[in-house]
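Visitor: Could you walk me through this one?
Guide: Gladly; here it is.

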Amino acid sequence: MSEPVNDPVKKVAGNPITPAGYAALRARYDVLLGEERPKIVDIVSWAAGNGDRSENGDYIYGRKRLREIDRELSHLSRRMKAARVVDPAEQPNRDKVFFGARVTIADEDDEHRTVTIVGDDEADAGSGLIGWGSPLARALRGAGIGDLRTVRLPAGAKEWEVIEIAYD
């Protein structure tokens, strides 16, 4: 199911995702398909049996919600098919920043920040999870402890020093 990323130059192909991130996508898909969608189908069926559908709020809302659920199911299905599960624990080279690394960095003002590089589908900057394709993650790829990396941001370039690298 997962393969270690041995060649840092080769980059992670496809849509990399951690095992936990894939499990979260799968869980959301299963809830939508197995719980939410059947409930809405029952409501729409009941509402359709009540006669005039043009003014039936349950029917109109139910159909709209079904379309939303089907769209999300389709999106999740495409993301899961494109996903390549990469387990950070299997990373052989742990002194450099690659997919799945938890990295502590410091800027010019000695402000420390810890980020974990994860798949783009599981990124949550507020929780310190940055996507593999983000500018900061791209700049940090292949960096070792003590390396300086410049990140081009809309507000201008910012330099970060890698302080610590860990893999869960």
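Predicted model: local features only at pLDDT ≥ 70, side-chain atom pairs only at ≥ 80, totals over all residues.

Visitor: How many helices and strands are in the protein chain?
Guide: The protein chain has three helices and seven strands (DSSP runs, H or I of at least four residues for helices and E of at least two for strands, numbered from the N terminus), and their pattern along the sequence is β-α-α-β-β-β-β-α-β-β.

Visitor: Is the chain spread out or compact?
Guide: The protein chain is more spread out than a compact globule, because its radius of gyration, 22 Å, is well over the 15 Å that the globule rule gives for 168 residues (taken over C-alpha atoms, the rule being 2.2 Å times the number of residues to the power 0.38). Its C-alpha trace spans about 70 × 40 × 20 Å along the principal axes.

Visitor: Switching topic, where is Arg-67 found?
Guide: Arg-67 is found in helix 2, residues 57-82, and counts as partly exposed because its relative accessibility is 46% (buried is under 20% relative accessible area, exposed over 50%, partly exposed in between, with a 1.4 Å probe and protein chains only).

Visitor: And Glu-161, where is that?
Guide: Glu-161 is found in strand 7, residues 156-167, and at 33% relative accessibility Glu-161 counts as partly exposed.

How values were computed: Residues numbered from 1 in each chain as written. Heavy atoms only, no water.
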